[in-house]
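The questions below ask what stands behind them.

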Amino acid sequence: MACFLVPTAEAVITTIAKKNVDKHKKEGSEQNIFISKMNWLNNMLWGGSALLAFEHI
């Protein structure tokens, strides 16, 4: 059961961090790259969590 709870917890934490970064966003290429990589990480964590939860059902 922990195999999908841990990625879900990480997804929640990265979602909160991404919202904080978006709120304090400045114009700059480094930060835009960070935000795009954070979006990829979020999508993979949420997708993996959903897939693992479905697998357990």
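Q: Which residues does K18 touch, not counting residues up to four places away in sequence?
A: K18 touches M38, N39 and N42, where contact means heavy atoms within 4.5 Å. This is a predicted model: local features need pLDDT of at least 70, side-chain atom pairs count only at pLDDT 80 or more, and totals for chains, interfaces and linings use all residues. Residues are numbered from 1 along each chain as its sequence is written, and side-chain values use heavy atoms, with hydrogens and water left out.

Q: Why is K18 called buried?
A: Buried means under 20% relative accessible area, exposed over 50%, and partly exposed in between (1.4 Å probe, protein chains only). K18 has a relative accessible area of 19%, so it is buried.

Q: Where does K18 lie?
A: K18 is in helix α1, residues 2-23; helices are DSSP runs of H or I with at least four residues, numbered from the N terminus.

Q: Why does W46 count as partly exposed?
A: Its relative accessibility is 39%, and therefore W46 counts as partly exposed. W46 is placed in helix α2, residues 29-56.

Q: What makes K25 partly exposed?
A: K25 has 47% relative accessibility, so the label is partly exposed. K25 lies in the loop between α1 and α2.

Q: Which residues does K25 touch, not counting residues up to four places away in sequence?
A: On that count, K25 touches Q31 and I35.

Q: How far apart are K25 and E10 in sequence and in space?
A: They are 15 residues apart in sequence and 22 Å apart in space, C-alpha to C-alpha.

How values were computed: Helix = DSSP H or I, 4+ residues; strand = E, 2+ residues; numbered from the N terminus.
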